[in-house]
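Please find below a short note on the structure under review. It is written for a reader who is new to such models.

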Amino acid sequence: MATDSTEPPGRVRLLHLAGSAESAFFADLSRLYAAGALAAAADGPYEHVVAWVEPGGGWRFPADLSRESVAAAPVVSPAKGLAVLASLEVDVALPQMFCRSGMTAYRSLLADVLGVPVVGNTAATMAIGAHKQQARAIVSVAGVAVPEGEVLRPGDVPTLAPPVVVKPVDADNSHGVTLVRDPSEYDAALATAFEHAAEVLVEAYVELGREVRCGVVEQDGELLCLPLEEYAVDTDTKPVRDAADKITRSADTQELRLMAKDADHAWIVPLADPVVPAVHELARRAHVALGCRDHSLVDVRIDPHGTPYFLEASLYCSFAPSSVVVMMAAAAGLSLESLLADQVSAAVARGA
């Protein structure tokens, strides 16, 4: 089991980078997680600074991440925002943006332009992880089992016989995902997927089985595989997880709400479960092959014979109490405060 380690010495000026230049949905998602992380770290050895990216690319610098504080902060241009960022003299940044540009371009802006150390994976690694086919290809070379698959562009004809799962090659939160059991269902599934991406991955359906996620964190130079989280899936009623299983909006307030956070939808797998060693080995190989640092998270499908298959990678951790990696770490005896302290210290030590 992991144990809490010491917090970084001194007071660290920590930048929380949140929002989205791309959409209000991703901005809301970012605020949901980033506000949780900011609250959880409030009593730690940090001086907190918040930078918010508006849909469209403008910047705000609110006092905190409440909706009221964000709205009250004046919007400045991208050029002015960059100048303000440079003047903040932060020690390290915690990126909390989940749109494509947030996971890639804005991370690169921090590390490569401003020279700010970043907690978590590099922009290049995030770009690979966000592209399902690129991630599949890389981990497959490292000996990780992946379902048979093919990438289609508009006008291409699929060659894989159903059952298959049709998904946008680079969309998150299961948007545009369809299980196709009959060839007659292909056209509608492809049309749905192409609404979310220019390329579509068609992947052989792995019969259930089970579906789990596995997190990996780097601690004292070693890779620590965390307890698995298993999700409620069923061959007849829930053969694949879809967007409704991930995030929804409250009907009254329209605030985003995380699904699958109760014992009926997700639970921690006991370490004695016989599937754990094979999934841990898969996650460890994927972490190394994808060039991850600090942390990683993989989705794994387990067939009826117990063979695990890599589905995709989610290479970020928000450090909010509701973050999957944080919940897995807690099950291993590693607190949120200690996990964040470890990774902030690592980022500061390696620099930009």
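This is a predicted model: local features need pLDDT of at least 70, side-chain atom pairs count only at pLDDT 80 or more; totals for chains, interfaces and linings use all residues.

1. A disulfide is a covalent bond between the sulfur atoms of two cysteines. The structure contains zero disulfides. Cys225 takes part in none, and the nearest cysteine sulfur, in Cys214, lies 4.9 Å away; the cut-off for a disulfide is 2.5 Å. Cys225 is buried, at 11% relative accessibility. For Cys317 the closest cysteine sulfur belongs to Cys292, and because 13 Å separates the two sulfurs, they are too far apart for a bond. Cys317 is also buried, with a relative accessible area of 4%.

2. Five aromatic pairs are present in the structure. In one of them, Phe98 and Tyr316, the ring centres are 5.1 Å apart and the planes meet at 50°, so the pair is tilted. Phe98 sits in the loop between strand 4 and helix 4, while Tyr316 sits in the loop between strand 16 and helix 10; the pair therefore ties together parts that are 218 residues apart in sequence. Phe98 is buried, at 5% relative accessibility, whereas Tyr316 is partly exposed, at 25%. Ring pairs also bring Tyr33 into a cluster with Phe98 and Tyr316.

3. Helix 11 covers residues 336-350. Its 15 residues should span 21 Å at 1.5 Å a residue, and the C-alpha atoms at its ends are 21 Å apart, so the two values agree. Its buried residues include Leu336, Leu339, Leu340, Val344 and Ala347, and also Asp342 and Gln343. After the helix comes Gly351, which has a positive phi near 70°.

4. Asp294 lies in the loop between helix 9 and strand 15, 56 residues from Arg350. Arg350 is partly exposed, at 33% relative accessibility, but Asp294 is buried, at 2%.

5. The whole structure has 14 salt bridges. Arg210 and Glu230 form one of them, with their closest N and O atoms 2.9 Å apart; the pair links strand 9 to strand 11. Arg210 is partly exposed, at 23%, and Glu230 is buried, at 10%. Strand 9 also holds Arg213, which is 86 residues from its partner Asp299 in strand 15. The N to O distance between Arg213 and Asp299 is 2.5 Å, and both residues are buried.

Technical notes: Residues are numbered from 1 along each chain as its sequence is written. Side-chain values use heavy atoms; hydrogens and water are left out. Buried means under 20% relative accessible area, exposed over 50%, partly exposed in between (1.4 Å probe, protein chains only). Rings of Phe, Tyr and Trp (its six-membered ring) pair if their centres lie within 6.5 Å; planes under 30 degrees apart count as stacked, over 60 as edge-to-face and the rest as tilted. Helices (H or I, at least four residues) and strands (E, at least two) are DSSP runs, numbered from the N terminus. The expected span of a helix is 1.5 Å times one less than its number of residues. A salt bridge is a side-chain nitrogen of Lys or Arg within 4 Å of a carboxyl oxygen of Asp or Glu.
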